[in-house]
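Have a look around first, then read on.

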Amino acid sequence: MLTFIIYKAIICVAVFALSLAVAAYSTLWERKLSALLQDRVGPDRAGPFGLLQPLADGGKMFFKEEIIPNVSNKFLFILGPSLFMLTALMTGSVIPWCKDVYVAGKLYSVQITDINIGVLFLFGVVSIGVYGIMIGGWASNNKYALLGAIRASSQMISYEIAMGIAVIALIITSGGTLSLREIVEQQDAGVANVVWQPLGFIIFFVCALAETNRAPFDLPECEAELVGGYHTEYSSMKLGLFLFAEYINMFISSAVMAAFYFGGYNFPFAQELYDAMGLADGSKWIAIIGFGAYFTKIAIFISVFMWIRWTLPRFRYDQLMNLGWRYLLPLSLLNLGITVAVEFFRGHLHF
Amino acid sequence: MLGYTITQWLFGILSFLSIMFGLMVVFSRNPVNSVLYLVMTFFCIAGHYLLLNSQFLAIVHIVVYAGAIMVLFLFVIMLMDLNQDNEPQKTWLTKIIAGIAGGLMLFVLVGSLKGSEQLGIAQNGSSQIGTVKNLGKVLFSEFLFPFEIASILLLAALVGSIMIGKKEIK
């Protein structure tokens with residue numbers, strides 16, 4: 001029992017640290033990449049190649065003056081960013097990071113928890129995440145913040161539906177399992193799910209952009225219309241939490257996309273490579289190589305998120321709603337219908 | 001611990017919390033706070049579902065009620081900008097009528113629960129009773145007819161709301 005608790009505690013802390021570290025260095029990578037795209041140098045003063053820049057930014061956030069508006073509800077004002085950060089970090093708990101590892105003769109899985117409703121758990125946490133923005137925006141007692149919060153919530157609700165239906169099609173192709181580990185394991189020998197679900201992947205990707213409030217869907221904080229959107233009144237580390245949670249969300253949604261559609265820690269000819277290296281199942285090198293492969297996929301997705309942000313202009317609000325309800329939702333329903341028909345004729349579904 | 005199992009402790013704590021948050025919904029002055037307390041109540045009820053071994057219902061309860069319906073509630077209340085100054089004062093007659101109606105509702109609920117046998121799902125059923133697969137099988141075989149009726153009801157509500165929402169009907 002004690003070893004179990006220690007092992008779970010180590011994994012929890014490791015995933016927490018990993019999320020924070022990736023989010024911190026995503027901020028630097030975002031600035032470097034935008035500099036590259038705009039033919040600038042980017043931050044290069046703090047440390048070699050600007051590698052200490054995230055630490056400097058974080059330290060600055062902590063030492064800034066903290067302002068809580070007099071007229072606002074103090075408890076809810078503080079609850080908003082905390083809740084947003086909490087839900088962002090919670091989603092990491094169902095993601096399988098690599099294959100099971102033997103440590104001191106016992107097999108351990110590198111995942112916080114493998115619940116049999118993992119996919120639904122993700123959706124549950126994501127749907128709670130919107131409360132952080134709404135409560136924060138409302139408690140600011142500022143019209144711009146309220147408008148930003150309302151935009152965020154309506155946008156997230158609209159895109160959740162298309163996203164959910166795209167995932168239902170994915171679950172049907174992977175044999176009706178809702179556990180993330182099983183979905184990843186099923187892409188072990190064969191090909192990645194994206195080959196069977198190309199349309200589903202595109203819908204999921206667009207919805208993930210909208211759910212994480214990234215450009216071109218960053219209307220909740222669109223500075224040209226709403227000053228700063230839902231975090232207009234926030235300062236110091238509370239603003240930092242809002243901004244930081246966005247990067248964690250981006251990391252986790254990249255991880256989920258890589259696990260759902262690109263095989264997670266599997267990669268082509270993985271088994272051949274392991275055989276050639278003479279590695280047995282449960283070896284720590286398999287875990288490390290698999291984790292490296294998974295992380296490469298995640299890094300590519302994060303870079304694509306940033307590439308899109310620095311390339312495309314922002315949508316208008318009615319365009320955003322049209323895209324969600326008139327194009328993505330019917331497309332995802334079509335995708336679901338095609339998937340069910342194909343699986344039925346392949347004899348995988350029984351009525 | 002005091003002769004109770006851990007399940008009974010959890011049940012007691014969850015029940016206390018859900019009743020407490022339920023009362024807070026009614027008693028809090030600010031409608032936004034009411035909605036937030038209602039969200040907390042839904043979380044406690046999801047905990048009860050978990051104790052009854054139905055993980056699927058628990059998570060769907062959170063996704064649908066806490067994650068979608070209550071967000072829309074909050075949305076509307078935030079837009080309406082309710083506060084105590086412009087809230088209409090209700091007369092004593094309305095309050096008495098509301099009290100009697102609520103009391104009757106409670107009476108009916110207590111009466112119906114008193115006659116029914118104890119739900120022994122958590123004790124007797126297997127831990128697999130609430131998985132998606134089992135629920136789906138039961139829903140699409142044994143309870144197919146009520147399920148379809150409920151879906152038609154929802155469809156009617158959907159069409160109705162679109163009709164109300166449309167500016168002009170062609």
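## Helices side by side

To describe how helices pack, we use axes, which are lines fitted to C-alpha atoms, for helices over the stretch in contact, with angles running from 0 to 180 degrees between N-to-C directions. Helices here (H or I, at least four residues) and strands (E, at least two) are DSSP runs, numbered from the N terminus. With that in hand, find helix 5 (residues 143-173) of chain A and helix 12 (residues 317-345) of chain A: they pack at an angle of about 15 degrees, and their axes are 8 Å apart. Angles under 35 degrees count as roughly parallel, over 145 as roughly antiparallel, 65 to 115 as roughly perpendicular and the rest as oblique. Helix 5 of chain A and helix 12 of chain A are therefore roughly parallel to each other.

Helix 5 of chain A passes helix 12 of chain A in a left-handed crossing (left-handed if the near helix is turned anticlockwise from the far one by less than a right angle, right-handed if clockwise). Sorted by class, their contact has 17 nonpolar, 7 polar and 2 charged residues. Ala, Val, Leu, Ile, Met, Phe, Trp, Tyr, Cys and Pro count as nonpolar, Asp, Glu, Lys and Arg as charged, and the others, Gly among them, as polar.

## How far can we trust it?

This is a predicted model, in which local features need pLDDT of at least 70 and side-chain atom pairs count only at pLDDT 80 or more, while totals for chains, interfaces and linings use all residues. Residues are numbered from 1 along each chain as its sequence is written, and chains are lettered from A and ligands numbered from 1 in the order in which they are written.

The model's scores are ipTM 0.78 and pTM 0.85. pLDDT is the predictor's confidence in each residue, from 0 to 100. Chain A averages 84, with 98% of the residues at 70 or above; chain B averages 81, with 84% of the residues scoring at least 70. In chain B, confidence is lowest in helix 5 (residues 121-124) of chain B, at a mean of 48, and highest in helix 7 (residues 144-165) of chain B, at 90.

Next up: helix 3 (residues 74-90) of chain A packs against helix 4 (residues 118-139) of chain A at about 160 degrees, with axes 7 Å apart. That makes helix 3 of chain A roughly antiparallel to helix 4 of chain A. The contact between these two has 14 nonpolar, 5 polar and no charged residues.

What about helix 9 (residues 236-261) of chain A and helix 11 (residues 284-309) of chain A: at what angle do they pack? The angle is about 125 degrees, with the axes 9 Å apart, so helix 9 of chain A and helix 11 of chain A are oblique to each other. Helix 9 of chain A passes helix 11 of chain A in a right-handed crossing. Their contact has 10 nonpolar, 1 polar and 1 charged residues.

Strand 1 (residues 98-103) of chain A runs antiparallel to strand 2 (residues 106-110) of chain A, and 4 bridges join them (strands pair if DSSP finds at least two bridges between them). A:Cys98 sits opposite A:Val110 of strand 2 of chain A. The two strands form a hairpin with 2 residues between them, and A:Ala104 in the turn has a positive phi of about 50 degrees.

## Where the chains meet
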